[in-house]
Protein chains: 2
Amino acid sequence: MDDRQLEARDAATVAHTLERAHDADVAEALNVIDPPAAARVLAALPFDLAVRALNQPELDRRARLFEHLSTDKAAVLVGAMSADQRTDLFRELPERTAARLLSAVDTGTRESLRALLSYPPTTAGGIMTTEHVVAPATWTVERTLTQIRAVAQPRRPVYAVYVVDPVDRRLVHVVTLRELVLADPTLTLLEVGDRRPPVTVTVWTDREEAARLIAKYDLLAVPVIDEGGHLLGIVTVDDVIDALVKEQTEDVHKLGGVQELDEPYTRISFGTMIRKRGGWLCALFLSEMLTATAMQHFEGELSRAIVLTLFIPLIMSSGGNSGSQATSLIIRALALREVRLRDWWWIALRELPAGIALGSILGVIGIVRIAGWQILGFYDYGPHWLLVALAVALALVGVVTFGSLAGSMLPFVLRRVGFDPASASAPFVATLVDVTGLVIYFTVAYVVLRGTLL
Amino acid sequence: MDDRQLEARDAATVAHTLERAHDADVAEALNVIDPPAAARVLAALPFDLAVRALNQPELDRRARLFEHLSTDKAAVLVGAMSADQRTDLFRELPERTAARLLSAVDTGTRESLRALLSYPPTTAGGIMTTEHVVAPATWTVERTLTQIRAVAQPRRPVYAVYVVDPVDRRLVHVVTLRELVLADPTLTLLEVGDRRPPVTVTVWTDREEAARLIAKYDLLAVPVIDEGGHLLGIVTVDDVIDALVKEQTEDVHKLGGVQELDEPYTRISFGTMIRKRGGWLCALFLSEMLTATAMQHFEGELSRAIVLTLFIPLIMSSGGNSGSQATSLIIRALALREVRLRDWWWIALRELPAGIALGSILGVIGIVRIAGWQILGFYDYGPHWLLVALAVALALVGVVTFGSLAGSMLPFVLRRVGFDPASASAPFVATLVDVTGLVIYFTVAYVVLRGTLL
């Protein structure tokens, strides 16, 4: 099948072969077809399947499909989508298409969209959906089950019944579908399920915090409430999984020093990729230029003792490596709430001896290497080789200790000034440590070798 | 409360205050108490809550608690735990405690444990649970619901009914609890729910692949079948979330060059931490020593042209940074199945021009910097400064191109030889690129400056 030239007639054929495919597979099939042709296939699919495919966040370029659908068709599909995915779609749509669609959908959908779009996408309010089952506390299990059967829509999952106070409508209790099924039908909802107060979040709760709560309490959904305790929506477990996978990709990219990509590596354009990588690379390059400045400063020492230059890469990289290690440990400890911002001094007190211990290990290896080469005759480090070895070892202790300290403190500094601690990339830490590492090395060498080599 | 000296009398008080806490919070409370005291609190908790707390993977040192419980109490608790968490526990128990408990539990539990322990913990078989509801295809919705109510246990979640052929017991259909509740009670199970063939895995499917399927198809659980199509167990969504969070931590640690930690950073002992970091740090240090060897080789050039040494850190770090970027992009693209092992040549063909483009950008900045400092009189790079600038720029193109290529190919090589591609840490890539970077720099410099400086 040549996807690029899919005719209307073929669209119906493709749609027919997709009819028994799973929603996510339909989304994947649409991903590899050109948007105009994919829009035709979407229009030819059974309505329910089309809606479920549109509800898949895996469907890339969802917004572009809508530019190729008739306004009528688009409005009906949008009306049937789940509220959270619909909100996501509208965030991606070009302003003109969004305005056109907004005036075409029914009033209820429009109101819901306006409300959900008012929350930032990084909050629980921004990723919540509003399809949830609410029942007053006075209802019995039987009445609730009857009601669920009456209003159920085939495309929308039901995880739990949210029980509200019949007078002030505040959320007072949550009964899972399983608890409801197993319960005596004559009991009231308040008599069923977990007695403990329900876990809730507010619309302004960070979405990562909502994800953390769902993971911690093994929930299928967490209710989102307003200041008055009224239920506004729910954040579901599949949103959490999608958020976790996305976050993991971002973490790895950031740690490698790449700006957040919005598309998969295989589909991103060459120009965008160069921009996303070039920005950081240039910033790091400009900072790293300070190493040249630092070395210019020590030019006198360098020309008198060429032997010192041999160990520059070794010492600098050790500082960078120990810094990367400390940073990656602290980034995850912060993300998992094992440490808090105020624990920075506790970490510093731990990384200081860790750095000294690790630096000493490398220092000993360094002395053995230099002495070995000298004694075995592989290389002649000059008459003061023992002092050179000592300078290298002491510099390693200093540089690795500084690397561990700087690497562990950087995520705290970033969080303190409002950035994601995961922005502390390995290249960032290495650059930070390189300049200081050079200064430490030459200062130590100057002290140790003064009167002999320097 | 001084956790370290919790007496038996206090254990009952603590247990009482925990009675209305959520399972995960009980686990957290037990985490901060000394194992002997925590075991006493556990024994004093209401039985169901104790079992649910033990089912929390967040409960660290679960195995140590069991060493402080009486065999009788331990056997009853183990018997009531969910099959997957129980298997996990037995993997952690010291051999003697495991043997003692195994002989104390009932036959059914023992058989189940033996079966589940036979699968590696990285497979779907190793993380599956065996508490699932099975019904023959001939049953009606009503009969199934009645049966679920009859056999339900309060601690075990029900996500779906797994429908098997009444004759050969093969899995033929899955009905979610929601579909069951909404269905006409007189229908048979085969007439209810999704007509598409169920998504399944085998016991040997990698657990990350099981997680990927659950995430992709928005499932609450995926059935695990044997070669004959018989249901052996299910992998549930909360296992997937736990696996994702754990994997993310491992990825970040590995990318930072730290060996996998088994405990949180805050609770790991100083000695273990030094070991986990020291191993990689020493390995990298030993490899990085090749830079000293490479520089010894170019000692003649170095002593004739000290000016070249000024740019060593700058050029080396640029290679390492571009390598880290490429590696982090490819690690995630491989993890998300955006690229496959056989696509390596496609990636190489893409990274080659990307490296040249990025290297050229840095090269131009480098020339501007050297020319600027020279012309403005900040520093004198000698009479051949323009040639020096040219050598630096060309070396940057070469080193960044090599870095991008090596960084992008390393994850493929690691996967090919059977390692996790995420082991390609930023420090690993930097070290790989450093030695080659030096050789590229001095070779380029030799060609450009021959007859003038060299």
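Reader: Is A:Val388 buried or exposed?

Author: This is a predicted model, and the answer rests on a count of neighbours. A residue with 20 or more other C-beta atoms within 10 Å of its own is classed as buried. A:Val388 has 25 C-beta neighbours inside 10 Å, so the class it falls in is buried.

Reader: In which helix does A:Val388 lie, and which residues does A:Val388 touch, not counting those up to four places away in sequence?

Author: The helix is H19 of chain A, which covers residues 385-416. With residues up to four places away in sequence left out, the contacts of A:Val388 are A:Val307, A:Ile370 and A:Tyr381.

Reader: How far apart in space are A:Val388 and A:Thr436?

Author: In sequence, 48 residues separate A:Val388 from A:Thr436. In space, taken from C-alpha to C-alpha, the distance between A:Val388 and A:Thr436 is 20 Å.

Reader: In chain A, which strands are the edge strands of the sheet?

Author: The sheet of chain A is open, with three strands in the order S1-S2-S3 and mixed pairing. An edge strand here pairs on one side only, and that holds for S1 (133-136) and S3 (171-176) of chain A.

Reader: What is the bridge partner of A:Ala135 in S2(A)?

Author: S1(A) and S2(A), the latter spanning residues 160-164, run parallel and are joined by four bridges. In S2(A), the residue bridged to A:Ala135 is A:Val163.

Reader: Turning to chain B, why is one side of S1 and of S3 left without a neighbour in the sheet?

Author: Chain B also has three strands in an open sheet, ordered S1-S2-S3, with mixed pairing. S1 and S3 of chain B are at the edges, so one side of each lacks a neighbour because each has a single partner strand.

Reader: Which residues of S2(B) are buried on each side?

Author: In a regular strand, side chains alternate between the two faces of the sheet. S2 of chain B, residues 160-164, is mostly covered, with five of its five residues buried. Both faces of S2(B) are covered: B:Val161 and B:Val163 are on one side, and on the other are B:Ala160, B:Tyr162 and B:Val164.

Reader: Which residue of S3(B) is the bridge partner of B:Val161?

Author: On the S1(B) side, four bridges link S1(B), residues 133-136, to S2(B) in a parallel run, and B:Pro136 is opposite B:Val164. S2(B) and S3(B), residues 171-176, run antiparallel with five bridges between them. In S3(B), B:Val161 is bridged to B:Val175.

Reader: Which residue in the hairpin of S2(B) and S3(B) takes a positive phi?

Author: The hairpin has six residues between its strands. A positive phi near 65 degrees is taken there by B:Arg169.

Reader: How are H18(B) and H19(B) oriented to each other?

Author: Helix H18 (residues 344-376) and helix H19 (residues 385-416) of chain B pack at about 155 degrees, and their axes are 7 Å apart. An angle over 145 degrees counts as roughly antiparallel. H18(B) and H19(B) are therefore roughly antiparallel.

Reader: Is the crossing of H18(B) and H19(B) left-handed or right-handed?

Author: The contact between H18(B) and H19(B) comprises 24 nonpolar, ten polar and one charged residues. The crossing of H18(B) and H19(B) is right-handed.

Reader: How are H13(B) and H14(B) placed relative to each other?

Author: Helix H13 (residues 207-216) and helix H14 (residues 237-255) of chain B have axes 10 Å apart and pack at about 120 degrees. H13(B) crosses H14(B) in a left-handed way. Their orientation to each other is therefore oblique.

Reader: How many nonpolar, polar and charged residues are in the contact of H13(B) with H14(B)?

Author: From H13(B) come residues including B:Ala211 and B:Ile214, which meet a set in H14(B) with B:Val240 and B:Leu244 among them. By class, the contact of H13(B) with H14(B) has three charged residues, no polar and seven nonpolar.

Reader: Which helix of chain B gives the most to the side that touches chain A?

Author: The contact between the chains takes 94 residues from chain A and 94 residues from chain B. With 17 residues, the helix that gives the most on the chain B side is H17 (residues 312-335).

Key:
Residues numbered from 1 in each chain as written. Chains lettered and ligands numbered in written order. Predicted model: local features only at pLDDT ≥ 70, side-chain atom pairs only at ≥ 80, totals over all residues. Contact = placed C-beta atoms within 7 Å. Helix = DSSP H or I, 4+ residues; strand = E, 2+ residues; numbered from the N terminus. Axes fitted to C-alpha atoms, helices over the stretch in contact; angles between N-to-C directions. Parallel < 35°, antiparallel > 145°, perpendicular 65-115°, else oblique. Left-handed = near helix turned anticlockwise from the far one by under 90°. Nonpolar A, V, L, I, M, F, W, Y, C, P; charged D, E, K, R; others polar. Buried ≥ 20, exposed ≤ 12 C-beta atoms within 10 Å, placed from the backbone. Pairing = 2+ DSSP bridges.
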